[in-house]
Each structure stands twice: as structure tokens, then as C-alpha cells.
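I opened the notebook today to follow a few side chains through one model. Here are my entries, in the order I looked things up.

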Amino acid sequence: MTQDRPDIAEILHTVREFAQGVAARTAGSERYDALCAAFLLEVVDRELAAGDGPARRQAEQLRELLGGKPDPRQPYWDFCQRVRNGELDRDWQHAFGFALHQVIDKVRITNPDYLEPDHRTDGRAG
């Protein structure tokens, strides 16, 4: 980081608190807008905290599952096509596990409260 203080996490925290304060003092569409802003700031905070570990892990799992490097512009396209075509049926447990972990990784960022407690934190090395 080139910025001293406040750092990115502190800025996000401050702006999120500001948006929550606006939501507490308003009603209707202004309250809704402020709550949406606060929610999105929380998502950004979790995304930054996760770093590139989930993306690297997903790319590695795709390479293992598909036997090659996925297209970085649309990394899941080949996986989805192979599932639709039944090409991964012989290894469906591995394919299902991959898909499940993708959902868990994404929900962990967008709204971890929707996950079971044992999925809220990433216990895998990454």
C-alpha cells in the first residue's frame, strides 16, 4: 500500500458507518439507497480481505478437473459445457465438489450470513 492512514480498510469502514448513519436517519428510497451502499462496501471489504487466494485455488481446481488451463476471460464456460454434455458424469463427485466450493467462495464474499457456520471461514490453505 502506498497510502498511510487511513488505509483502505479504514476508509471502507468509515464510509460504511456513514451510509448506515444516513440509513438510520432517513426513510423510503433514501434509506434503501444508504443500506445498499453499506452492503456493497461490506462486500468490497470481504473481497479485498480474501485477496486472490480463491481465484487461484479455483483456477487450479479447474485445471485439475478439465485437464488444461481455462480461458481467463470465461473460466467456467468449459466446465459448464462439459457438465451439460455429460462429459464429467464419470467424475461427478469431483465436479459437484468444485461447483459447491465455487458457490461457497462467492457467498462467503457477498453474504456469509447465508452460509452454515462451518462454511463462513475458509479453512483451506490458499
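**Entry 1, ground rules.** I call a residue buried under 20% relative accessible area, exposed over 50% and partly exposed in between, with a 1.4 Å probe and protein chains only. This is a predicted model, so I noted that local features need pLDDT of at least 70 and side-chain atom pairs count only at pLDDT 80 or more, while totals for chains, interfaces and linings use all residues. Residues are numbered from 1 along each chain as its sequence is written, and side-chain values use heavy atoms, with hydrogens and water left out.

I looked up its helix and found α3, residues 53–66; helices here are DSSP runs of H or I with at least four residues, strands are E runs of at least two, and both are numbered from the N terminus. Is glutamine 58 buried or exposed? Glutamine 58 is buried, because its relative accessible area is 8%, under the 20% limit.

Next I checked its polar partner. The side chain of glutamine 58 has a polar contact of 3.2 Å with the side chain of glutamine 102. For a polar contact I need a pair of N or O atoms within 3.5 Å; within protein, one must be able to donate a hydrogen and the other to accept it, and residues adjacent in sequence count only if both atoms are side-chain atoms.

I then listed contacts (heavy atoms within 4.5 Å). Beyond neighbours within four places in sequence, glutamine 58 touches Tyr76, Phe98, Gln102, Asp105 and Lys106.

Which residues make up the largest nonpolar core? I found 7 residues: Leu62, Leu65, Leu66, Phe79, Leu88, Ala95 and Phe98. α3 and α5 (92–110) are the elements that give two or more residues to this core, and α3 has the largest share with 3 residues. A nonpolar core here is a set of buried Ala, Val, Leu, Ile, Met, Phe, Trp, Tyr and Cys residues joined through side-chain atoms within 4.5 Å.

I found aspartate 105 in helix α5, and it is buried, with a relative accessible area of 5%. Its side chain makes a polar contact with the side chain of arginine 57 at 3.4 Å. Arginine 108 is also found in α5, and at 13% relative accessibility arginine 108 counts as buried. A polar contact of 2.9 Å joins the side chains of arginine 108 and aspartate 105. The side chain of arginine 108 also reaches the backbone oxygen of histidine 119, at 2.9 Å.

The axes of α2 (residues 28–50) and α5 come within 7 Å and cross at roughly 130°.

Alanine 59 lies in α3 and counts as partly exposed, at 23% relative accessibility. Last, I noted that the peptide bond from arginine 5 to proline 6 is cis, with omega near 0°. Proline 6 sits in the segment before α1 (8–25).

Technical notes. Axes fitted to C-alpha atoms, helices over the stretch in contact; angles between N-to-C directions.
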